[in-house]
Amino acid sequence: MIFRLIAQRLRERINSDEFKQGDALPGEQVLAQETGVSRSTLRKAITILVEEGMLERRHGSGTYIVQKDLQHDTYALNSFAEHMKEIKRELRNEVVQFCIRLAPPAIARQLRIKTNDQVYFFQRIRYVDGKPYMVEDSYMPVRLYPTLSLHYMRGSKFDYIENQCGIVIDYCIETFAPALATEPYAYHLNLKEGALLLQLTSLALSTEGEYLDFSVMYMNPSEYQVKYHMKRNKIL
């Protein structure tokens with residue numbers, strides 16, 4: 001339906017640098033002309049964003065931006081928890097699974113360990129301002145983390161690795177890909193099965209060359225954006 005397409009275009013515009021949280025949107029007549037639709041269609045599009053908590057209608061005043069979608073600006077390697085703290089968003093981790101498993105071949109290859117070596121597996125739902133934004137599946141070699149417990153994974157994984165274990169994280173190798181939401185990921189993210197997800201895989205390495213953590217994260221692409229700021233490195 002056309003009003004859903006207009007809602008998505010408005011969402012993208014609101015998330016751009018054109019607006020800040022708390023700004024008022026242009027009037028309905030102006031927006032209708034800019035988007036090339038009727039005012040009734042525009043109102044339906046705005047209603048979608050109001051119901052999602054992005055916009056707020058104020059009687060006699062206009063429509064205001066209450067909250068932008070979560071945007072992850074990447075300049076350097078920071079944990080998700082560190083970034084949420086930086087942009088003053090409330091993060092809560094719910095650990096729904098935590099156990100020790102024997103590494104299957106695919107996970108063993110990622111972590112450069114032997115098949116059937118012991119790994120911690122945990123699944124976390126990461127809530128931002130009370131809303132589920134990410135489901136994270138993580139695998140960590142048991143031999144590197146003798147004190148790892150469910151308690152630590154309710155907090156920051158990077159904080160545990162660096163401050164509890166004294167391991168210095170050097171860099172992460174990250175890959176983005178589209179994925180379809182299967183059930184339990186659709187359930188955890190309040191989506192329909194088969195909905196499009198953004199899948200991010202991350203492999204963390206230490207300054208000593210140890211493979212520390214392999215994680216697969218699933219996010220709703222309409223509510224989570226990643227911006228990379230890359231400095232030019234000209235090859236002569």
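R58 lies over the face of Y64, 4.1 Å from the ring centre. A charge counts as over a ring if NZ of Lys or CZ of Arg is within 6 Å of the ring centre and within 35 degrees of the ring normal. R92 provides another case, with its charged end over the ring of Y127 at 4.2 Å from the centre. The model is predicted: local features need pLDDT of at least 70, side-chain atom pairs count only at pLDDT 80 or more, and totals for chains, interfaces and linings use all residues. Residues are numbered from 1 along each chain as its sequence is written, and side-chain values use heavy atoms, without hydrogens or water.

Aromatic pairs were assigned from ring geometry. Rings of Phe, Tyr and Trp (its six-membered ring) pair if their centres lie within 6.5 Å; planes under 30 degrees apart count as stacked, over 60 as edge-to-face and the rest as tilted. The count comes to six aromatic pairs. One of them joins Y152 and Y160, tilted, at 4.8 Å centre to centre and 45° between the planes. Y160 is buried, with a relative accessible area of 1%. Y152 is partly exposed at 25%. Buried means under 20% relative accessible area, exposed over 50%, and partly exposed in between (1.4 Å probe, protein chains only).

The rings of Y185 and Y218 also form a tilted pair, with centres 4.5 Å apart and planes at 45°. Y185 belongs to helix α8 (residues 185–188) and Y218 to strand β9 (residues 211–219), so the pair ties together parts that are 33 residues apart in sequence. Both Y185 and Y218 are buried. F98, Y120 and F122 form one aromatic cluster.

Helices (H or I, at least four residues) and strands (E, at least two) are DSSP runs, numbered from the N terminus. Helix α3 (residues 39–51) has 13 residues and spans 18 Å from its first C-alpha to its last, close to the 18 Å expected at 1.5 Å a residue. The expected span is 1.5 Å times one less than the number of residues. T41, L42, A45, I46, I48 and L49 are buried in α3. These residues cover an arc of only 145° around the axis, so they lie on the same side of α3. The arc is taken over the directions from the helix axis to the C-beta atoms. The buried residues of α3 pack against α1 (2–15), α2 (28–35), β1 (55–58) and β2 (62–65), with contact meaning heavy atoms within 4.5 Å. Just after α3, G53 takes a positive phi of about 90°.

Helix α1 has 14 residues and reaches 20 Å between its first and last C-alpha, close to the expected 20 Å. Its buried residues include F3, I6, A7 and L10.
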